Each structure stands twice: as structure tokens, then as C-alpha cells.
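Hi,

Here is the structure I promised to pass on. Have a look at it first, and then read my notes below.

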Amino acid sequence: MFSTRYILGVDSGASKIEISVLDLVSDEIYFSSLKRSGNPAAIGIERYCDNLSEVFREIFSRIDPGEIVGIGIGLAGYLEGYWNKDIINCLSRISRKDLSNKIFIFEDILSAHVSAHLLRDGVVGILGTGSNFLGICGQRTWRVGGWGHLIDDRGGAYRVASEALSRVVKSLDGRLKETILVQYAFDHYRASNVHELVSRIYSSQDPKSTIASFAPYVFRAYREGDEIAREVIETEVSEIALAIATIYRRINCLEAPLALVGSVYRENRDILKNSIERRLRESYGIDKSVGDALIRDSCASILIAGSKIGVSEDLLREKLLRVCRA
């Protein structure tokens, strides 16, 4: 038995921070979220701490920080723990408690994996603002991608949108044929010509999010049969399939189940599920059905934190599957 009662899980993503609070006594759970970046590598640690503090203050207005058993944080922009000390100091400061031995920080791909496979074997891919892929089979682990929007993150919203916007400006200056994406870009960014469009993007305080926000229009154009949009999506599907196939080859575990999570996949499952399954089958001979997350990422962070402090994994799985379905 624990003398304290709460485990907190944090999904600290590129465009949103969500915290879930599980009461181990009553089995009740509640959530708080903030639609601001939770990636310190993208916005800097000071802005990140401000965002994190805002959502945690709401939590601490409802529970006593002294009753916290553990806090698990699945962090975008983890950078091998580079920000851990700053984040622990930030939370200890706003809680007015020394939480250093109760905070567990890990890369968001781990919480994504747990959201789909509940600390069991499997392969998972995050398709959100960025992308990342992880496979675990027994003692074998392999990660692919997730190296940041500047050099990687294929299949994520930023890459889909940036590839589409590249084609938009090429269409506008005559290098490429017409595409409905031009009008969608003008409407979305409230621009009337290429100069205004480029200015809106480059003058943004958060260019990564500004660019990534165009991704839904690329999928919309795909559904409407736009050839340029189709080219972009099919290229990214090929990259997603390559990442997944690489993991299966590296962990040598074709029996491991496959799941995809993240906002881009969730909102465009009608396009991506069949396309990715077909590409895996045709290009790599991997016949897999893509599954979904079972619990929310913030709740997966609860499961990870609980496992580290000795709470029964089976007990937590049962609780979270009941109160925290994805």
C-alpha cells in the first residue's frame, strides 16, 4: 500500500501538453491540457517551463502535490535527457515540493509504444507533428527516425506540409503545374500572393507549428483527387513503410503486433491505414494489420511511472483500460 494516492502522466507533445491524474484510491481519473508546444527542443526550455507550469498549476489547485506517488513525462524533443534537470527544477518550484525522486522523464516514443502495447512487445509509429518509430521484442529494441523536423520526421505533419508548401511556391513561380493546394495555402495563411505567403511563414514565432498546421489541407486535397497532394502523401507513405520494415528486420520479430498513433494518423486513418498496409505487403512482404492506441499517451506515462515505483503492472493496466481508453 502507498501512503500517497496520485500518479500523474504527461503527454508533452509538439503542439499540446496533456496531463492525466489517476487516483489510486478511488480509481477516478481526470485530465487537463494546454494547446501549446511541449517540445523544449523547438521552443526553448524557458518557454517550455512556462507552458508546463500553466497546466500543472491547474492540477495542483485540485490535488496536494504531497500526495503524488510519481509523475511520468513522455517528452517530445527529449534529446537523451538533456532537459531533465531543468524540468525537475521547474516542477519542484511550482509545487513547492522536492519531486526529484518522483519524476520519470522519457522520450515520447516510449509512451506511444506503451499506449498501444501496454508494456508488452510490439512495433509502434508516431505520426503527429513529427514522427518516430520503435520496436520492442524481448530484449531486442530498435528505433527508427524521430531525428527532428530539420533533418527527418518523415510522415509527420511538418514534413507533409513542408513538402506540399514547397510545391505550392513552385506552382506559383511556374516550375510546377497548377494545384488546389495554392488556394488552400492562400486561404489558410490569409495571403493573396507568394510574397505574403512566404512572409507569413518566415515571420512566425513558431515556424514549425505554422508549417505543420497546413497538413490537413494536403490530405483534403488528396481526397479531392489533386495530383500534387497525392504525390506528397504517397512519398510519405513510402517513408513510413520503410521505417516500419526496418524495425521488423532489426528486431527479427515478425510476430510483434503493429500500431500507429498520433494526430496525423488518427485524423487520416481512412487514407493511411490501407496505404501503409499495402506498401508493407508489396514492397517488403510484411502482411500486417495496423492497430490503434489502446489508452491515451498521457495514461501510458502513468503506466510507465507506476512500473518504475513498484505498482502492479497488471493492476494499472486494468485500471487504465477501464478509465482511459484512447
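Let's start with a hole: G155, V160, F219, I233, E236, V237, I240, V264 and L272 line the largest cavity. By cavity I mean a set of points, on a 1 Å grid over the protein atoms alone, where a 1.4 Å probe fits but cannot get out; lining residues have an atom within 4 Å of a point. Before you go further, note that this is a predicted model, where local features need pLDDT of at least 70 and side-chain atom pairs count only at pLDDT 80 or more, while totals for chains, interfaces and linings use all residues. Residues are numbered from 1 along each chain as its sequence is written, and side-chain values use heavy atoms, with hydrogens and water left out.

The volume of the largest cavity is about 40 Å³ (the space filled by probe spheres set on the points, which are joined across faces, edges and corners). Helix α10 gives the most to its lining, four residues; helices here are DSSP runs of H or I with at least four residues, strands are runs of E with at least two, and both are numbered from the N terminus.

Now for something open. The second largest pocket holds about 230 Å³ of space; a pocket is an open set of points with protein on both sides within 12 Å along at least five of seven lines. Which helices each supply at least two residues of its lining? They are α5 (157-172), α7 (194-202) and α8 (207-212). Among the lining residues are L165, Y202 and P207.

Next, the packing. The largest nonpolar core has 54 residues, and F133, L181, F214, V218 and I244 touch the most other members. Such a core is a set of buried Ala, Val, Leu, Ile, Met, Phe, Trp, Tyr and Cys residues joined through side-chain atoms within 4.5 Å, with buried meaning under 20% relative accessible area (1.4 Å probe, protein chains only). Helix α10 (residues 227-251) brings the largest share of this core, 13 residues. A second, separate core of 29 residues includes V10, I19, F60 and I87.

Last, the sheet. Five strands form an open, mixed sheet in the order β8-β7-β6-β9-β10, where two strands pair if DSSP finds at least two bridges between them. At the edges, β8 (140-144) and β10 (290-291) each pair on one side only. Strands β6 (residues 122-127) and β7 (residues 131-137) run antiparallel and are joined by six bridges; L127 has S131 in β7 as its bridge partner.

Cheers

Key. Buried means under 20% relative accessible area, exposed over 50%, partly exposed in between (1.4 Å probe, protein chains only).
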